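User: Could we go through this structure together? I am new to reading models of this kind.
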Amino acid sequence: MIAATVWDLKKRFFPAAAAQPTLVMTGDNWIVLAIGFGVSFVVALGVVEWFLHWVRKHGFTLFAIYRILLGSALLLWGTKYIGS
């Protein structure tokens with residue numbers, strides 16, 4: 001999130017450095033940035049709290065199985081398109 005925000009700010013403050021012309025930071029853009037940062041921060045805190053509660057109740061086993069299956073599926077899907 002921080003890297004994406006810094007990159008977006010760099011493009012807005014130095015439009016010549018960007019590949020395409022972008023808007024310059026205005027008061028409205030700062031407000032939108034602040035609201036987006038605040039909302040994403042609060043949502044992230046809620047998700048982390050929910051996940052920690054879930055792990056305390058259920059353990060990591062289901063999460064590990066889910067991640068292994070999803071990772072395997074993405075690897076298979078990726079190799080299908082990289083090879084072509």
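This is a predicted model: local features need pLDDT of at least 70, side-chain atom pairs count only at pLDDT 80 or more; totals for chains, interfaces and linings use all residues.

User: Where is Ile-31 found?
Analyst: Ile-31 is found in helix α2. That helix covers residues 27-58, which makes 32 residues.

User: What is the general rule for how residues along a helix point?
Analyst: An α-helix has 3.6 residues a turn, so residues three or four places apart point the same way.

User: How far does α2 reach?
Analyst: From its first C-alpha to its last, α2 reaches 46 Å, close to the expected 46 Å at 1.5 Å a residue.

User: And what follows α2?
Analyst: Gly-59 follows α2, and the phi of Gly-59 is positive, near 85°.

User: Changing topic: how many aromatic pairs are there?
Analyst: The structure holds six aromatic pairs. One of them joins Phe-37 and Phe-41, and this pair is stacked, at 6.4 Å centre to centre with 15° between the planes.

User: Why does that count as stacked?
Analyst: The 15° between the planes of Phe-37 and Phe-41 is under 30 degrees, so the pair counts as stacked.

User: Where do Phe-37 and Phe-41 lie?
Analyst: Both lie in helix α2, four residues apart, which is about one turn of the helix.

User: How accessible are Phe-37 and Phe-41?
Analyst: Phe-37 counts as exposed because its relative accessibility is 54%, whereas Phe-41, at 47%, counts as partly exposed.

User: Which residues form an aromatic cluster?
Analyst: Phe-51, Phe-60, Phe-63 and Tyr-66 form one aromatic cluster.

User: What does the whole protein look like?
Analyst: The protein has three helices and zero strands, in the order α-α-α from the N terminus on. Of its 84 residues, 7% count as buried. Its accessible surface comes to about 7300 Å², and 76% of that belongs to carbon and sulfur atoms.

User: Finally, where is confidence lowest, and where is it highest?
Analyst: Confidence is lowest in helix α1 (residues 2-13), with a mean of 79, and highest in α2, at 92. The protein averages a pLDDT of 85, and 87% of the residues score at least 70.

Technical notes: Residues are numbered from 1 along each chain as its sequence is written. Side-chain values use heavy atoms; hydrogens and water are left out. Helices (H or I, at least four residues) and strands (E, at least two) are DSSP runs, numbered from the N terminus. Buried means under 20% relative accessible area, exposed over 50%, partly exposed in between (1.4 Å probe, protein chains only). Accessible areas come from the Shrake-Rupley method with a 1.4 Å probe; for residues, only the protein chains shown count as cover. The expected span of a helix is 1.5 Å times one less than its number of residues. Rings of Phe, Tyr and Trp (its six-membered ring) pair if their centres lie within 6.5 Å; planes under 30 degrees apart count as stacked, over 60 as edge-to-face and the rest as tilted. pLDDT is the predictor's confidence in each residue, from 0 to 100.
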